[in-house]
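Me: I have a structure to go through before setting up some calculations. Can you take a few quick questions on it?

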Amino acid sequence: MLSPLAEKLTWLDYTIVGIYLIILLVIGYRASRKKNTDETLFLANKSLDWYSIGFNMWGTNVGPSMLLAFASIGYSTGIVAVNFEWYAFVFLFLLAIVFAPKYIASKVSTMPEFMGKRYGDSTQNILAWYALIKILISWLSLGLFSGGFLVRQILGIPMAPAVIVLVLFAGLFAYMGGLKAIAKVNVFQMILLIGVSTTLTILGLQKVGGISNMYHQVPADFWTLIHPANDTKYPWPAILLGYPVSAIAFFCTDQAMVQSVLGARTLEQGQLGVNFIAWLKILSLPLFILTGVICHILFPNLTDPSMAYMTMVTNLFPAGLNGLVIVVLIAVLVGTIGSSLNSLSTVFTMDVYVKKINPSASNEQIIKVGRLTVLAGCVFAVLMALAIDSIKGLNLFDVFQSVLGFIAPPLSVVFLLTVFWKTMTQKAVNAILSFGSAFSLGVGVLYLWVFTPDKYSFWPHYLLLSFFIFAFLAFVAVIISITDKKPVIYLSEKEESSQEFKPSTRVITLWTALVVVMVSLYLFFS
């Protein structure tokens, strides 16, 4: 059965989609036609400029779930969800100024390799398999499932053909061109996303009679970023304390996000690229969340807030331009899934194959294994997406997203203490990554499935719960480190230390300007 949007598609829509796909393939081909090396496939031969890094990180971050979730939250509660985008500037600053210099100076390709240089093979092995599972589930499977879900909403086609076509198209760029091709494609796609999302917001504003009318037609608390401590959905203590745990793990330690920075032409370009994505995140309010607020005014009786985005698209875009919506969907999917496949390929090839299976592998063998990993990732993601879709009666998408939030505490503890506390030992790192992860995920399972918060009121907000787990694991890590009778700690090499230079004047100026703007925005919406 065709959806309302599919029924409105015209020859112009199909033409727009066709032209877009051709342009995408040309960009990807031009970026990948040079002879590949392992550095080209995984780190774009360290040739990425700031704009490629910023757009690629944003393209990885902006998935189909963001389009649906932000519009849904905007419809229900207003702009409070923008905290998850604007508050991120603090942790992106941490990545740019603290973590990135250490990563680049270490000359590593992956996060497990970075930790392995500090604490040995056992740590690298644990983190490598941890990272592979995280990429396969949180990035690939859930990203593909949410994309297939959205395609089914838009076009009314079954999940199986939707996810197969989507993952094959996204995988093409990771297979042929690696990070460089994905980064080039994402620059084009994110500019397209900005244009189409801006068009939808403008059309909505015209319908409601302008910004002033929009402001006065919704409850006053819709425009407040900081909600009271007794707010059940987004209390300020939960956001202040709990969000940083996930943000540090996501922006500072996640292979899919950090890989673009590792592919930077210089450290300064990497730092400027991270600054650029922080500026781009300001656009989340007008591009994504206002869509839901406007929908609340125009269509106040929706039974399911998650339909806010599609309701706006179906009713506001004129016939002949709905192909742009399909184009944007393909754009966010290729961005997220393509980057995820490249990260999966990098971690497996460099941390498992080269490190353990074939240390003397030639460049051709490394590239071959990297590409085979991409294919295996595509197959796994399709099977997982179909498995998730086959289970009825549960809102699995929300459940799985919540479960993945409990992955963050061990990663945040390990990387923060490794960078800021020189006494952190190998024993503590391995304990937190293994037993600490089991504890954190175990609490998540109890929270979401066994003693669910809708039936048991003793639970704190899930963000606060994440913070409490983080604090407990940090305490345990410190105790293990200071009581370790045979501590193995990291002593930085002279070569690495000499490369950790201070940020340039341009980097400092742009980050200072961003801080001023972000503080002003928080004061304005408080």
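Predicted model: local features only at pLDDT ≥ 70, side-chain atom pairs only at ≥ 80, totals over all residues.

Me: OK, changing topic. How many cavities are there of 30 Å³ or more?

Reply: There are 2 cavities of that size. The largest cavity has a volume of about 100 Å³.

Me: Which residues line the largest cavity?

Reply: Its lining is made of Met 111, Pro 112, Leu 127, Tyr 130, Ala 131, Lys 134, Ile 135, Thr 253, Asp 254, Gln 255, Leu 411 and Phe 415. The elements giving two or more residues to this lining are α8 (111–119), α9 (121–155) and α21 (408–420).

Me: Which element gives the most to that lining?

Reply: That is α9, with 5 residues.

Me: How do the lining residues divide into nonpolar, polar and charged?

Reply: The lining of the largest cavity has 8 nonpolar residues, 2 polar and 2 charged.

Me: Now the rings. How many aromatic pairs does the structure hold?

Reply: It holds 25 aromatic pairs. In one of them, Trp 86 and Phe 525 have ring centres 5.9 Å apart and planes at 50 degrees, so the pair is tilted.

Me: Where do Trp 86 and Phe 525 sit in the chain?

Reply: Trp 86 is in helix α6 (residues 83–86) and Phe 525 is in the segment after α25 (505–524), so to speak a link between distant parts of the chain, 439 residues apart. Both Trp 86 and Phe 525 are buried.

Me: What about Phe 114 and Phe 415?

Reply: Phe 114 and Phe 415 form a stacked pair, 6.4 Å centre to centre with 10 degrees between the planes. Phe 114 belongs to helix α8 and Phe 415 to helix α21, and the two are 301 residues apart. Both are buried, and Phe 415 is also one of the residues lining the largest cavity.

Me: Which residues form an aromatic cluster?

Reply: Phe 406, Tyr 447, Phe 451, Tyr 456, Phe 458 and Trp 459 form one.

Me: Last one. Why is helix α17 described as largely enclosed?

Reply: Because 8 of the 9 residues of α17 (residues 308–316) are buried. Among them are Tyr 309, Met 310, Met 312 and Leu 316.

Conventions: Residues numbered from 1 in each chain as written. Heavy atoms only, no water. 1 Å grid on protein atoms, 1.4 Å probe; cavity = no way out; pocket = protein on both sides within 12 Å on 5 of 7 lines; lining within 4 Å. Points joined across faces, edges and corners; volume = space filled by probe spheres on them. Helix = DSSP H or I, 4+ residues; strand = E, 2+ residues; numbered from the N terminus. Nonpolar A, V, L, I, M, F, W, Y, C, P; charged D, E, K, R; others polar. Buried < 20%, exposed > 50% of the residue type's maximum accessible area, 1.4 Å probe, protein only. Phe/Tyr/Trp six-rings, centres within 6.5 Å; stacked < 30°, edge-to-face > 60°.
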